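Here's a quick briefing to read with the model open beside you. Let's take it topic by topic.

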Amino acid sequence: MKQETVRPALVVGALGVVFGDIGTSPIYTLQTVFSPGDPHPVPVSADNVFGVVSLIFWSVLVIVTVTYVLLAMRADNDGEGGIMALITQLRRGSRGGRTALVLAGLGIFGAALFFGDSMITPAISVLSAVEGLKVVSDGLDAWIVPITAVIIIGLFLVQRRGTAAVGRVFGPVMIAWFGVIGACGVAGIAGHPEILKALSPTYAIGFMAGHFDIAFFALAAVVLAVTGAEALYADMGHFGRRAITRGWLFLVLPACVLSYLGQGALILEDGANISSPFFLLVPSWGRLPMVVLATAATVIASQAVITGAYSVAAQAAQLGYLPRLRIAHTSETERGQIYVPWINWLLMVSVLTLVFAFRSSTALAFAFGMAVTGTITITTLLFFFIARSRWGTPRWLLGAGAAVLLTVDLLFVAANLTKLVHGAWLPLLIGLTAFTIMTTWQRGRRIVTAERERREGPLREFIDELSDRETPTQRVPGTAVFLNRGGRTAPLALRANAEHNHVRHEQVVILSLETEPVPRVPAEERVSVEDLGHADDGIVFVTARYGYMETPDVPGALALLDPAQTEGRLRLDEASYFLSKIELQRGPEPTMAGWRKRLFIATSYITADAAEYFGLPRDRTVIMGSHIDV
């Protein structure tokens, strides 16, 4: 494997984009655990404080450090991470196995849950920071929701500048954030150094075993400490595994642990401090600046899941689970940095809706854990299956590791299910909705493709007919490029030109674009030419291959062709490009349920403009329409 170079600027950028979510969890985690508003509150006592802080520390260590940083991030797909990268590896190596197909379905649901996480994280994170104004002055309560809304709108408006620009601004802010919360944690620990005993796993185990009726319900809030773990993995393509690993181990993890320990020490001093232990840990003169810094940090927390959502949506579209989306690549040096406008505006509307509906971070906390635990558990399952199928890891080792990690994950899932009526239904609803859309699109796409192939007919037979026609088609000057799905059938636009207009161009390129189950395809493997059986008819078939993280550039791909392969040099500067546009209609055939047909057709309206997506010159692109019943 090629050694990955880690530039300091890349680590700073990762700190500014990737760690915001998990790095701001100390603001609300302990407060939520002991909140009297929780339907299953944890009583404030010394034993419970030691147990909860120990449970938080070991949960972060097991789930984030072990499951994600040490294990899952090694299961990359050519540098790309996230649950869609795991699904791609499953699809590539499953060979149709039932277990792999079931796990791939679970993976799609996990990706759908991540969209829920991407909506809830900005709302709860920014709300929790702005709520620090209550510690500064009780009279500022009414301003919390409006200020939160303005900050969120501003965040989504700057996304088009790209994660590189955002990371350069946010990186130094997050370094300051982790330095400050670590220092405040040290000050709290200095007041009650006995809190350091919570680092021993005996306190976490004793709390779970001796007070299971309390500890089990506490897990639903403890999980807030690991929110953002999936974003670390999903954003791996933006910055690389080594940059993320170093940022986590050398700065983020120590700072967060110190903050939790300091807050625990503060609660030991006075149980009334559970109202806002994070902000009360700060000296009174520094609380307003801390609210400002926390607000900046939670904006960055939102950035982590937003960029993760872009990556997941782009991969899902390339793999056929979502329509073709307009994607902007925002960096010339870091190839994984993208901006997806449609996802951006959908998230903004969703986040604002949650802010105005729930109006507090505590109310949203009950919803937050469900999305996180569901995604973590599915990621763990997929990782162990891939570890066996891809690396041949011994079964006994996999069994031992899976038993420990899945037991932890499933305990968190079970605890969050107890909050179902208190808000945990929300991420499940979002996840089920996204899952339904993705699976419906995949199913509908297969139906449309099958019908389209039936109408187009076999490609080689059509080419033979062109040569054998009693009334041959007239060859007109110029180069025509017909985009086609696969190499088995004739493009509808080419067939219509020959059968209705009785003409074809001197040079005809039938171009098939294929998405490979890897993020990117090397330039030397980009294009290939296939012989169609007639050496002098001016018709060639070309396949252009792209990875699922790439945006196709048709003229650029054709420029790579050798004239010897194409019966002469292609005149690309004046070539015409032909697209077949399909209008979808509900048909009487029982291919899908009626509501799924309507959903599929509605989803098709968000498909990006094909000419723009494929990089075609608009003034030389011809679109020919047809309709298909679904």
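Where does Ala-610 sit? In this predicted model, Ala-610 belongs to helix α25, which covers residues 610-613.

**Around Ala-610**
- Ala-610 counts as buried, since its relative accessibility is 19% and the buried class takes in anything under 20%.
- Leaving out residues up to four places away in sequence, Ala-610 touches Arg-324 and Leu-579.
- Arg-324 is 286 residues from Ala-610 in sequence, yet their C-alpha atoms are 8.3 Å apart in space.

**Nonpolar cores**
- The largest nonpolar core holds 159 residues, and the ones touching the most other members are Phe-19, Met-84, Trp-177 and Phe-178.
- Helix α6 (residues 98-130) is the top contributor to this core, giving 18 residues.
- Take Phe-19 as a close-up: beyond its sequence neighbors up to four places away, its contacts include Met-174, Phe-178, Leu-232, Ile-244 and Trp-248.
- There's also a second, separate core of 23 residues, with Val-481, Leu-483, Leu-511 and Ala-544 among them.

**Salt bridges**
- The count comes to 4 salt bridges.
- Arg-454 pairs with Glu-451, with the closest N and O atoms 2.7 Å apart.
- Both of those residues, Arg-454 and Glu-451, are in helix α20 (residues 425-456), 3 residues apart, or about one turn of the helix.
- Arg-454 is exposed, at 58% relative accessible area.
- Arg-460 and Glu-530 meet through their side chains in another salt bridge, 3.1 Å from N to O.
- Arg-460 is in helix α21 (residues 459-468) and Glu-530 is in strand β5 (residues 527-530), so this pair ties together parts 70 residues apart in sequence.
- Both partners are partly exposed: Arg-460 has a relative accessible area of 41%, and Glu-530 is at 38%.
- Arg-571 and Glu-506 form a salt bridge at 3.7 Å, N to O.
- This one links distant parts of the chain, 65 residues apart: Arg-571 is in the loop between α23 (554-558) and β7 (576-585), while Glu-506 is in strand β4 (residues 503-516).
- Arg-571 is partly exposed at 25%, as is Glu-506 at 35%.
- Through shared partners, Glu-506, Arg-571 and Glu-574 join into one salt-bridge network.

**Cysteines**
- How many disulfides does the structure hold? The number is 0.

Key:
Residues are numbered from 1 along each chain as its sequence is written. This is a predicted model: local features need pLDDT of at least 70, side-chain atom pairs count only at pLDDT 80 or more; totals for chains, interfaces and linings use all residues. Side-chain values use heavy atoms; hydrogens and water are left out. A disulfide is a pair of cysteine sulfur atoms within 2.5 Å. Helices (H or I, at least four residues) and strands (E, at least two) are DSSP runs, numbered from the N terminus. Buried means under 20% relative accessible area, exposed over 50%, partly exposed in between (1.4 Å probe, protein chains only). Contact means heavy atoms within 4.5 Å. A nonpolar core is a set of buried Ala, Val, Leu, Ile, Met, Phe, Trp, Tyr and Cys residues joined through side-chain atoms within 4.5 Å.
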